[in-house]
Amino acid sequence: MVKAYLPKTLEECLKMLNDFDLKVVAGGTDVLIQNRAPSQLPIGYKKDVCYILQIDELRKIYEDDQYLYIGSAVSLEEIMDSMIVPEILRKTILEMASPAIRHTATLAGNIANASPAGDSLVTLYLLDAEVEIRSMHHLRRMKVSDFITGVRRIELAKDELISKIIIPKFEFDQAYFKKVGPRLSDAISKVAFAGAYKLEGKKIMDFRVSFGAVNVTVVRELEIEKKIVSNTVKDIKKMQETIVSWYEKVINPIDDQRSNKAYRKVVALNLLREFIENLNL
Amino acid sequence: MAKINFKLNEEFVEIDTDLNRRLLDVLRDDFSLTGVKEGCGEGECGACAILLNHQIVNSCSTPLANVIGKEVMTIEGFSKTKRYTAIKEAFAEAGGVQCGFCTPGMIIATESLLNKNPHPTDFEIKIGLSGNLCRCTGYNLIVEAVKLAIKRGEGLW
């Protein structure tokens with residue numbers, strides 16, 4: 001039988017992760033389904049489990065001048081309801097899953113799950129979000145975009161725990177998330193898009209776009225963004241099809257049960273076109 | 001195996017079992033609370049919904065370990081409240097029930113929504129019920145039922 005560990009403090013939890021080989025579970029909304037057993041049997045975990053929802057240190061949302069900090073055991077619903085969380089992230093969460101899932105699922109869980117169709121990831125990449133990772137011996141920070149290395153692959157050692165999500169504060173002129181799925185809630189995206197910009201006079205001083213479900217990880221191209229920044233809005237609108245052609249090269253979706261390559265590609269690029277067309281002076 | 005405590009339908013309970021069981025199985029098999037149903041078993045349909053600290057949660061995707069020290073309310077416990085009566089009558093009157101399999105979950109979702117937001121817009125009602133699937137009514141009648149419950153139960157939430 002698989003053992004259940006129930007740390008009450010972060011220190012206790014890190015000691016357990018150091019001493020044993022454990023699967024960390026927060027809300028469990030993905031992990032339980034991935035380890036589903038026939039009805040009436042215990043969850044089919046492959047190894048012992050460490051449940052982290054009781055750890056108070058991981059249950060806080062707070063901010064300082066530069067950053068917003070979200071504990072890894074905070075539920076999606078709490079994040080969605082928090083007024084200090086950027087509006088684009090709150091709106092992204094509103095379109096994720098359903099109330100029943102949002103009440104226990106966590107943002108750290110969505111990151112650790114590293115699905116190509118993880119909706120929150122599209123917005124976290126856009127916001128340059130980082131994860132704080134702890135073990136008994138060290139503390140480190142890493143951008144979410146570096147932390148996720150492939151489909152269900154993350155840079156996390158066996159004794160490490162995601163303790164926080166850290167989001168740099170930045171005021172955009174506009175930032176939005178758009179999801180394309182069979183219905184508004186309770187559906188996995190066919191394609192997801194997030195875009196944001198900041199103007200200085202007539203020039204764009206910050207331009208960001210990211211795409212979900214069109215490649216093995218979220219697509220965000222800093223090199224392309226650099227080429228766009230410091231142009232005027234008028235010039236960027238003139239460059240629209242050139243910009244689309246740059247992104248076309250990095251958007252490589254797959255066929256699966258939810259959608260197909262051709263549809264995903266067309267829709268992703270149309271969402272980019274719409275974003276550029278709606279840049280405002 | 002471990003001995004744990006939580007509050008179930010307003011009573012403190014203690015159970016000695018494997019914490020890696022689904023809350024759904026514990027409620028049905030150990031406490032004979034069969035108002036929670038297993039529909040999809042993967043968090044999509046809401047037939048297994050319960051209130052965990054007054055918020056809707058799917059018991060099929062909740063490990064027992066996550067309810068320690070918390071308040072669990074199933075449709076059986078909720079049916080003893082005035083709020084339930086208001087919702088039940090509204091569902092019956094509006095025709096929000098046909099086969100009935102989704103109904104306990106729908107009622108739990110309605111309570112969770114109104115507890116947080118007593119005067120939701122139509123959009124907020126749809127979002128509130130979005131994790132509960134019904135294959136009979138086409139949803140419109142259920143949305144009407146929720147609106148009727150809000151009117152009838154004014155002051156209860």
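## Starting from one residue

Guide: Let's begin at A:I52, which touches A:P7, A:C13, A:V24, A:A26, A:L58 and A:A73, leaving out residues up to four places away in sequence. Two residues are in contact here if their C-beta atoms, placed from the backbone, lie within 7 Å. Please keep in mind that this is a predicted model, in which local features need pLDDT of at least 70 and side-chain atom pairs count only at pLDDT 80 or more, while totals for chains, interfaces and linings use all residues. Residues are numbered from 1 along each chain as its sequence is written, and chains are lettered from A, with ligands numbered from 1, in the order in which they are written.

A residue counts as buried if 20 or more other C-beta atoms, placed from the backbone, lie within 10 Å of its own, as exposed if 12 or fewer do, and as partly exposed in between. In soluble globular proteins, nonpolar side chains tend to be buried together.

Now step back to the whole of chain A. Its 281 residues include 45% that count as buried, and the chain has twelve helices and 13 strands. These are DSSP runs, numbered from the N terminus: helices are H or I with at least four residues, and strands are E with at least two. The radius of gyration of chain A is 20 Å, close to the 19 Å from the globule rule for 281 residues, so the chain is as compact as a globular protein of that length. That radius is taken over C-alpha atoms, and the rule is 2.2 Å times the number of residues to the power 0.38. Along the principal axes, the C-alpha atoms of chain A fill a box of roughly 65 × 45 × 30 Å. Among the contacts in chain A with a separation of 6 or more, 65% join residues 24 or more positions apart.

The axes of α4(A), residues 87-94, and α7(A), residues 119-126, come within 9 Å and cross at roughly 170°. Axes are lines fitted to C-alpha atoms, for helices over the stretch in contact, and angles run from 0 to 180 degrees between N-to-C directions. The two helices are therefore roughly antiparallel, the word for angles over 145 degrees, with under 35 as roughly parallel, 65 to 115 as roughly perpendicular and the rest as oblique. On α4(A) the contact is made by A:I88, A:L89, A:T92 and A:I93, and on α7(A) by A:D119, A:S120 and A:T123. In the loop between α4 and α5 of chain A lies A:A97. A:A97 is buried, with 25 other C-beta atoms within 10 Å, and its phi is near 55°, a positive value in a residue other than glycine.

Next comes the neighbouring chain. The contact takes 28 residues from chain A and 30 residues from chain B. On chain A's side, α2 (31-34), β3 (49-51) and α5 (99-102) each give two or more residues, and α5(A) has the largest share, with three.

From across the contact, B:A49 touches A:A100, and its other partners include B:I56, B:V57 and B:N132. B:A49 sits in strand β3 of chain B, residues 49-52, and counts as buried with 33 C-beta neighbours inside 10 Å.

Our last stop in chain B is B:N53, in the loop between β3 and β4. B:N53 is partly exposed, with 13 other C-beta atoms within 10 Å, and its phi is near 50°, again positive in a residue other than glycine. Leaving aside neighbours within four places in sequence, B:K70 is in contact with B:N53, as well as with B:F6 and B:L52. B:K70 lies in the loop between β4 (55-58) and β5 (71-73) of chain B and is partly exposed, with 15 other C-beta atoms within 10 Å.
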